[in-house]
Amino acid sequence: MQVGRKSCWRQLQASFFRLLCLIPTGFPVRSVDMQRATDNITIRQGDTAIIRCYVDDKVSKVAWLNRSNIIFAGQDKWSLDPRVDLVTKGQLEYSLRIQKVDVYDEGSYTCSIQTKQQPKTSQVYLIVQVPANIYKVSEDITVNEGSNVTLSCLANGRPDPAITWRLLNPSAEPLDGEEYLDIIGIMRNQAGRYECKASNDVATPDVKYVNVVVSYPPTIKKTQSSETPVGRMGTLQCEATAVPTPEFEWYRDEKRLSNAQGINIQILGSTTILMIANVTEEDYGNYTCVASNRQGVQNASLFLYRPGTGRDINGSACVSQSLWLLLACFACLFFKC
């Protein structure tokens, strides 16, 4: 196969040089400066490429070819491409200029000359590089905690770009993934803005972002009971974390409370406050804060109590422990333990 290609190339050269003989000798006589048999020129897509060919006064004919196509014969332009022209400086240069280079311009270019002794060629291979470009990336998504997530980021370029992922939390450490990033059993601390970067050192890397929201049921993380004397305002506070933001309800025993005479319920994001104006003896007791969203429900008990009863106002867990301790003490006294 290689022998056949060489034979075909020799036939093409022979035919071309016969064609050169038909070109008028209006071009100055000079010979080509042969630096190497084949040179490589690397150019970025959209830039201007100048493929150089230097000659002297021993040349009778000269031309440019791209593969098997004639671009210039002497100073006669055979190509119809308006981006292509000659760069000539005096009688020493016969270079080819291609503006706004694109990937289809990549390939072999030959400066062919004919001297009085023998034909010569100088061959240059044009390599076109293309900056990395992300052409498809996952859309922003909302998922349930514990589910599996796959983010995609597809890019092209020449050479092929490398794709990297980061979660833009305070550390922003690289993640294991290329075109596809797999997250098994995603947790709430893995929510956030994911960065996909495609780079191939041709130009500035291309960057795209995917926002991932992780939904999870409410967790009541803080409660505050209230020690309030009669006639003063009592304030109970309940704070919960959840995605989406939780809805709150307040109960006294089995009765749901609402904004009514003497009661004011406020909801500030993930915190709710129950305010009871002008506390009476009947207001003392157990209250329940309920936080809910479409992922689940959680509740906690809080207490409004008169001063001096010894309750811990920092939360229901401590209150429950105090009650059990008090009951244990009574039991011990009763049974004389």
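Tutor: We can begin with Glu145, which counts as partly exposed at 25% relative accessibility. The labels work like this: buried means under 20% relative accessible area, exposed over 50%, and partly exposed in between, with a 1.4 Å probe and protein chains only. Keep in mind that this is a predicted model, where local features need pLDDT of at least 70 and side-chain atom pairs count only at pLDDT 80 or more, while totals for chains, interfaces and linings use all residues. Residues are numbered from 1 along each chain as its sequence is written, and side-chain values use heavy atoms, leaving out hydrogens and water.

Student: Which side chain meets Glu145 in a salt bridge?

Tutor: Here is the general idea: side chains of opposite charge can pair when their charged atoms come close. The cut-off for a salt bridge is a side-chain nitrogen of Lys or Arg within 4 Å of a carboxyl oxygen of Asp or Glu. Here the partner of Glu145 is Arg188, at 3.0 Å from N to O. Arg188 sits in the loop between strand S14 (180-183) and strand S15 (192-199), and Glu145 in the loop between strand S10 (141-144) and strand S11 (149-158), so the pair ties together parts that are 43 residues apart in sequence. Strands (E, at least two residues) and helices (H or I, at least four) are DSSP runs, numbered from the N terminus.

Student: How many salt bridges does the structure hold?

Tutor: There are 12. One of them joins Lys221 and Glu239, whose closest N and O atoms are 3.5 Å apart. Lys221 belongs to strand S16 (residues 206-224) and Glu239 to strand S18 (residues 234-243), so this pair links distant parts of the chain, 18 residues apart.

Student: Is Glu239 buried or exposed?

Tutor: Glu239 is buried, with a relative accessible area of 18%, whereas Lys221 is exposed at 53%.

Student: Which residue forms a salt bridge with Glu281?

Tutor: That is Arg306, with the closest N and O atoms 2.4 Å apart. Glu281 lies in the loop between strand S22 (271-276) and strand S23 (285-293), and Arg306 in the loop between strand S24 (296-305) and helix H2 (316-334), 25 residues apart. Glu281 counts as partly exposed at 44% relative accessibility, and Arg306 does at 37%.

Student: Which residues do salt bridges join into one network?

Tutor: Asp81, Arg83 and Asp105, through salt bridges that share partners.
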